[in-house]
Amino acid sequence: MRYTLRALSVLIAYPSEDLQAHSGAVREALHGEAELPPEALARLEPLFEAFASQDVFDLQAHYCELFDSSRALSLHLLSMSTATAASAGRR
């Protein structure tokens with residue numbers, strides 16, 4: 001499980017050229033350690049395929065759309081609407 005958790009944490013990081021260049025090693029670590037069930041590994045394959053085939057700027061744009069613009073999937077610790085932010089300043 002040592003490498004599996006590290007590999008999964010790398011996969012949710014902001015895409016970079018370095019991550020893109022080493023995505024094959026991340027895939028190998030996950031398959032090599034075999035801590036995840038085969039179904040979970042199969043569900044990660046589209047992500048690895050995207051790292052192999054897409055431009056890093058496209059990966060970054062998709063990341064921002066997914067994690068920065070979506071309140072349901074936001075990685076920010078605090079996400080407030082405009083009305084909430086306005087009322088928070090009055091307390």
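Buried means under 20% relative accessible area, exposed means over 50%, and partly exposed covers what lies in between (1.4 Å probe, protein chains only). At 43% relative accessibility, Tyr 3 therefore counts as partly exposed. The model shown here is predicted, so local features need pLDDT of at least 70 and side-chain atom pairs count only at pLDDT 80 or more, while totals for chains, interfaces and linings use all residues. Residues are numbered from 1 along each chain as its sequence is written, and side-chain values use heavy atoms, with hydrogens and water left out.

**Figure 1. The whole chain has six helices and zero strands.** Helices (H or I, at least four residues) and strands (E, at least two) are DSSP runs, numbered from the N terminus. Follow the sequence along and you will read the pattern α-α-α-α-α-α. Of the 91 residues in the protein chain, 22% count as buried. Contact, here and below, means heavy atoms within 4.5 Å. Take the contacts between residues at least 6 apart in sequence: 55% of them join residues at least 24 apart.

**Figure 2. Here helix 1 packs with helix 3.** Two packed helices are described by the angle between their axes and the distance between the axes. Helix 1 spans residues 2–11 and helix 3 spans residues 23–33; their angle is about 145° and their axes are 9 Å apart. Axes are lines fitted to C-alpha atoms, for helices over the stretch in contact, and angles run from 0 to 180 degrees between N-to-C directions. Which residues make the contact? Helix 1 brings Arg 2, Tyr 3, Thr 4, Ala 7, Leu 8, Val 10 and Leu 11, and helix 3 brings Val 26, Ala 29, Leu 30 and Glu 33. Sorted by class, the contact has eight nonpolar, one polar and two charged residues. In this sorting, Ala, Val, Leu, Ile, Met, Phe, Trp, Tyr, Cys and Pro are nonpolar, Asp, Glu, Lys and Arg are charged, and the others, Gly among them, are polar. The crossing of the two helices is left-handed, a word used if the near helix is turned anticlockwise from the far one by less than a right angle (clockwise would be right-handed).

Figure 3. The arc is that of the directions from the helix axis to the C-beta atoms. An α-helix has 3.6 residues a turn, so residues three or four places apart point the same way.

**Figure 4. In helix 3, the buried residues are Ser 23, Val 26 and Leu 30.** Seen down the axis of helix 3, they fall within an arc of 60°, so they line one face of the helix. What covers them includes helix 1, helix 2 and helix 4. On the other side of helix 3, Glu 28 and Gly 32 are exposed.

Figure 5. Leaving out residues up to four places away in sequence, Tyr 3 touches Ala 29 and Glu 33. Tyr 3 and Val 26 are 23 residues apart in sequence, and their C-alpha atoms are 8.8 Å apart in space.

**Figure 6. Met 1 sits in the segment before helix 1.** Is Met 1 buried or partly exposed? Its relative accessible area is 44%, so Met 1 is partly exposed. Setting aside neighbours within four places in sequence, Met 1 is in contact with Glu 33 and Glu 35. Met 1 and Leu 36 are 35 residues apart in sequence and 8.8 Å apart in space, C-alpha to C-alpha.

**Figure 7. Just after helix 3, Ala 34 takes a positive phi of about 55°.** Notice that this positive value belongs to a residue other than glycine. Ala 34 lies in the loop between helix 3 and helix 4, and with a relative accessible area of 53% Ala 34 is exposed.

**Figure 8. Tyr 14 and Tyr 63 form an aromatic pair.** Rings of Phe, Tyr and Trp (its six-membered ring) pair if their centres lie within 6.5 Å; planes under 30 degrees apart count as stacked, over 60 as edge-to-face and the rest as tilted. By this rule the count comes to one aromatic pair. Tyr 14 and Tyr 63 are edge-to-face, at 5.3 Å centre to centre with 90° between the planes. The pair links distant parts of the chain, with Tyr 14 in the loop between helix 1 and helix 2 (17–21) and Tyr 63 in helix 5 (residues 56–68), 49 residues apart. Tyr 14 is partly exposed at a relative accessible area of 44%, whereas Tyr 63 is buried at 13%.
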